[in-house]
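Here is a friendly tour for anyone who likes to check atoms for themselves. Please keep the viewer open while you read.

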Amino acid sequence: MKTIAVLNGPNLNRLGKREPEVYGTRTLADLEAELRESFSGRVNLTFLQSNHEGVLVDRIGELADNGCHGLVVNPGAFTHTSVALRDALAGSGLPAVEVHLSNVHAREPFRQHSHTAPVCAGVITGLGFAGYAFAIEFLLKLES
Ligand code: DHK
């Protein structure tokens with residue numbers, strides 16, 4: 001069975017409380033439970049949320065070295081700032097899908113640029129929790 005990691009960046013630990021009009025009222029625990037239930041028996045899912053860039057960078061390297069098959073990553077604000085995260089994703093050699101809960105293209109101009117998107121297979125933005133599920137489905141369809 002494949003192992004896919006779902007990585008969430010800064011402030012996504014506060015889903016449900018944080019700007020609910022933008023990010024919804026469900027929590028990160030709700031997301032993880034929903035994905036575990038939807039993909040039960042099909043994929044080994046592993047989750048990490050961190051507010052710290054280096055923790056995410058370290059984890060991506062560990063996943064790459066320990067048999068992970070793909071990454072679903074919502075880098076949060078690091079999307080727009082982090083060359084380190086981009087390099088970690090590129091250096092992992094793992095297929096990755098960038099996910100955003102909100103439609104970043106309908107928001108502030110500073111959210112229009114992603115450092116991480118160019119090293120991902122693709123980006124899903126604005127579809128809420130469903131974006132993560134679509135990303136996992138895509139990664140499951142890939143060879144190897
Ligand atoms: C989450 C964040 O925390 C923002 O910094 C991004 C993203 C958008 C989201 O929509 O999930 O700009």
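## A loop with positive phi

Asn 11 sits in the loop between strand 1 and helix 1 (20-23); strands (E, at least two residues) and helices (H or I, at least four) are DSSP runs, numbered from the N terminus. Its phi is near 75°, a positive value in a residue other than glycine. Asn 11 counts as partly exposed because its relative accessibility is 36%; buried means under 20% relative accessible area, exposed over 50% and partly exposed in between, with a 1.4 Å probe and protein chains only.

Glu 19 is also found in the loop between strand 1 and helix 1. Although Glu 19 is not a glycine, it has a positive phi of about 35°. With 37% relative accessibility, Glu 19 counts as partly exposed.

## How to read the model

The model is predicted, so local features need pLDDT of at least 70 and side-chain atom pairs count only at pLDDT 80 or more, while totals for chains, interfaces and linings use all residues. Residues are numbered from 1 along each chain as its sequence is written, and side-chain values use heavy atoms, with hydrogens and water left out.

## Around the ligand

Which residues come nearest to the ligand? Of the 13 residues around it, they are Arg 18, His 80, Leu 101, Ser 102 and Arg 111; a residue is near if one of its heavy atoms lies within 4 Å. The shell divides into 5 nonpolar, 5 polar and 3 charged residues. Here Ala, Val, Leu, Ile, Met, Phe, Trp, Tyr, Cys and Pro count as nonpolar, Asp, Glu, Lys and Arg as charged, and the others, Gly among them, as polar.

A polar side-chain atom of Ser 102 lies 2.6 Å from a ligand oxygen, and one of His 80 lies 2.7 Å from a ligand oxygen. For Arg 111, a side-chain N or O atom is 2.8 Å from an oxygen atom of the ligand. Taken alone the ligand exposes 310 Å², and the protein buries 99% of that, with areas from the Shrake-Rupley method and a 1.4 Å probe.

## Nonpolar cores

The largest nonpolar core has 23 residues, of which Ile 4, Val 6, Leu 35, Leu 45, Val 72, Tyr 132 and Ile 136 touch the most other members. Such a core is a set of buried Ala, Val, Leu, Ile, Met, Phe, Trp, Tyr and Cys residues joined through side-chain atoms within 4.5 Å. Strand 1 (3-8), helix 2 (28-38), strand 2 (44-49), strand 4 (96-100) and helix 5 (129-141) each supply at least two of its residues. Helix 5 gives the largest share, 6 residues. Apart from this core lies another, of 15 residues, among them Leu 7, Cys 68, Leu 85 and Ala 88.

Val 104 lies in the loop between strand 4 and strand 5 (122-125) and, at 7% relative accessibility, counts as buried. Not counting residues up to four places away in sequence, Val 104 touches Arg 111, Gln 112 and Thr 125, where contact means heavy atoms within 4.5 Å.

Note on methods
A polar contact is a pair of N or O atoms within 3.5 Å; within protein, one must be able to donate a hydrogen and the other to accept it, and residues adjacent in sequence count only if both atoms are side-chain atoms.
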